[in-house]
Amino acid sequence: MELVAIGCSTGGLRALQVLLRGLAPCPGTAFVVVIHTASADADSLCHLFARHAPMPVLEAVERTPARPGVLHVAPPGYHLLIGSDRHFSLTVDPKVCFVRPSVDVLFESAADTYRDRMAAVILTGANDDGARGLRRVRQLGGVALVQDPEEAESSIMPQAALSIAGADYCMALADIANELNRMCLP
Amino acid sequence: MEPDLDDIELDLFVEALRRRHGHDLSQYARPSLKRRVQGLVRQHGLEHIGELTSRMLRDAAFLPQVIEGLSVPVSEMFRDPFVFAALRTKVFPTLASYPSINIWQAGCAHGEEVYSLAILLEEAGLYDRCQVYATDFSDAALARAREGIFPAREARAASLRYQQAGGSRTLADYYHARYDLVKLDAALCRNVVFANHNLATDGVFCEAHLILCRNVLIYFSNPLQDRTLALFADSLVRGGFLCLGTKENLALASAAINFATVDGPARIFRSVRAT
């Protein structure tokens with residue numbers, strides 16, 4: 001896998017900590033996270049994730065590439081997109097699903113480029129953002145992983161993803177981490 | 001691998017828009033342009049970008065809607081209040097030393113930042129010395145900016161940001177609320193000229209002491225970002241200020257050499273041209 005894109009909302013900080021602790025470093029894969037948070041700035045999100053992630057954690061900076069072996073965090077207040085040159089771009093376009101950054105925006109832009117070389121992950125959340133993006137990822141051959149709604153702190157987002165996009169894997173966080181390791185490690 | 005048909009159609013759309021109407025979007029950042037064009041396709045109930053291209057070619061009356069859809073200007077009053085606070089404390093004192101002050105708000109969208117800045121200039125006692133040029137490439141956006149009407153539901157959060165920016169009154173002093181809208185005091189526009197200007201194709205617009213262009217260059221390709229920064233350098237008086245969006249990355253722009261950082265997080269720079 002060249003890219004693993006992760007989206008989450010309510011309960012996402014806790015879920016990500018579990019997921020990140022289960023990951024191997026995966027030097028050939030770029031990771032990108034969109035999380036809806038009320039007020040946190042990108043720096044504090046990066047610091048928080050760096051405590052649990054086995055790879056370097058950096059804010060996604062516009063005009064820079066999605067780098068293998070790095071976890072990139074979308075800055076609050078901007079939509080994050082990845083172009084065909086695998087570089088990030090940011091926009092202040094209207095909110096999608098009442099949020100910015102939107103998981104749909106990241107997934108839809110990345111799917112066009114990475115196609116079957118990406119995995120998209122939907123975790124806990126209290127809205128349906130990410131479901132249409134996940135559908136696009138699957139249509140173009142990417143792998144969809146959704147947190148088991150039973151386990152999720154808020155089941156709405158994984159449930160919406162399952163009903164709109166379906167999933168290749170619907171499992172607990174620990175199993176998602178194992179599955180990603182299997183897909184990303186040589 | 002099968003080519004992405006949307007990408008091919010997007011190229012043709014850009015070419016058609018340029019040849020038919022003279023608007024050149026070829027130097028816009030591709031991911032956001034693609035998303036906006038796809039948004040237009042959905043908004044007008046079409047199936048493919050190709051259908052949008054065809055309609056735009058044949059129906060001249062359709063063009064303003066296309067332009068408006070592609071500019072989708074989104075801002076809010078006093079967005080990133082710490083930036084306005086920095087303008088107040090780090091830029092205004094220098095502006096105050098000029099007998100007359102030219103300010104260029106490039107890409108003014110619906111005018112949220114024009115009004116925000118006018119309020120702070122007023123409170124600093126500088127506004128009557130200011131000439132503000134507010135430009136955008138969308139006539140529809142300019143018309144909205146002139147009106148100064150915004151949704152009332154945004155006013156509460158805007159008031160808070162105004163306070164955080166160091167505003168000395170209350171924001172409600174500057175607008176009238178009616179139903180679910182607020183209209184900003186027209187007097188805030190007495191020194192503002194709204195004009196159409198296209199950063200992608202037009203040249204130097206004025207000699208400015210301060211240029212604000214926040215979250216506009218993020219929509220441009222690297223070459224157009226560079227060109228625009230050079231245009232700003234040419235438009236600023238020596239020591240003039242430039243304020244960009246807080247997440248803009250100038251690392252790839254050679255024209256950034258014309259600017260020294262005044263406040264990094266607020267993305268406020270000063271022209272350091274030798275001329």
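Colleague: In the hairpin of β5(A) and β6(A), which residue takes a positive phi?
Modeller: Strands here are DSSP runs of E with at least two residues, helices are runs of H or I with at least four, and both are numbered from the N terminus. Four bridges join strand β5 (residues 79–82) of chain A to β6(A), and the two run antiparallel; strands pair if DSSP finds at least two bridges between them. Five residues lie between the strands of the hairpin, and the one with a positive phi, near 65 degrees, is A:Arg86.

Colleague: Thanks! What kind of model is this?
Modeller: Residues are numbered from 1 along each chain as its sequence is written, while chains are lettered from A and ligands numbered from 1 in the order in which they are written. Local features need pLDDT of at least 70, side-chain atom pairs count only at pLDDT 80 or more, and totals for chains, interfaces and linings use all residues; the model is predicted.

Colleague: Back to β6(A): which residue is the bridge partner of A:Ile82?
Modeller: In a regular strand the side chains alternate between the two faces of the sheet. In β6(A), A:Ser89 and A:Thr91 point one way, A:Phe88 and A:Leu90 the other, and all are buried, where buried takes 20 or more other C-beta atoms (placed from the backbone) within 10 Å of a residue's own, exposed 12 or fewer, and partly exposed a count in between. The partner of A:Ile82 in this strand is A:Phe88.

Colleague: Where does A:Pro101 sit?
Modeller: A:Pro101 is joined to A:Arg100 by a cis peptide bond, with omega about 10 degrees. Its place in chain A is the loop between β6 (88–91) and α3 (103–114).

Colleague: Which helix of chain B gives the largest share of the side that touches chain A?
Modeller: In this contact, 16 residues of chain B meet 19 residues of chain A. Four residues of the chain B side, the largest share, come from helix α2 (residues 30–43).

Colleague: How far apart are the centres of the two domains of chain B?
Modeller: The bounds come from an automatic or database domain assignment, which gives domain 1 (5–71) and domain 2 (81–147 + 189–271). Nine residues of domain 1 and 12 residues of domain 2 of chain B make the contact, and helix α4 (residues 63–71) gives the most to the domain 1 side, with four residues. Taken over C-alpha atoms, the centres are separated by 28 Å.

Colleague: How far apart are the end C-alpha atoms of α9(B)?
Modeller: Among the buried residues of α9(B) are B:Leu224, B:Leu229 and B:Phe232, and the buried residues of this helix pack against β1 (101–106), β7 (208–213), β8 (236–244) and β10 (268–271) of chain B. The expected span of a helix is 1.5 Å times one less than its number of residues. For the 14 residues of α9 (residues 222–235) that should be 20 Å, which agrees with the distance between the end C-alpha atoms, 20 Å.

Colleague: Which residue stands opposite B:Thr261 in β10(B)?
Modeller: β10(B) pairs with β8(B) in the antiparallel sense over three bridges, and four bridges join it to β9 (residues 259–263), also antiparallel. Opposite B:Thr261 stands B:Phe269.

Colleague: Which residue in the turn of the β9(B) and β10(B) hairpin has a positive phi?
Modeller: Four residues lie between these strands. With a phi of about 55 degrees, it is B:Arg267.

Conventions. Contact = placed C-beta atoms within 7 Å.
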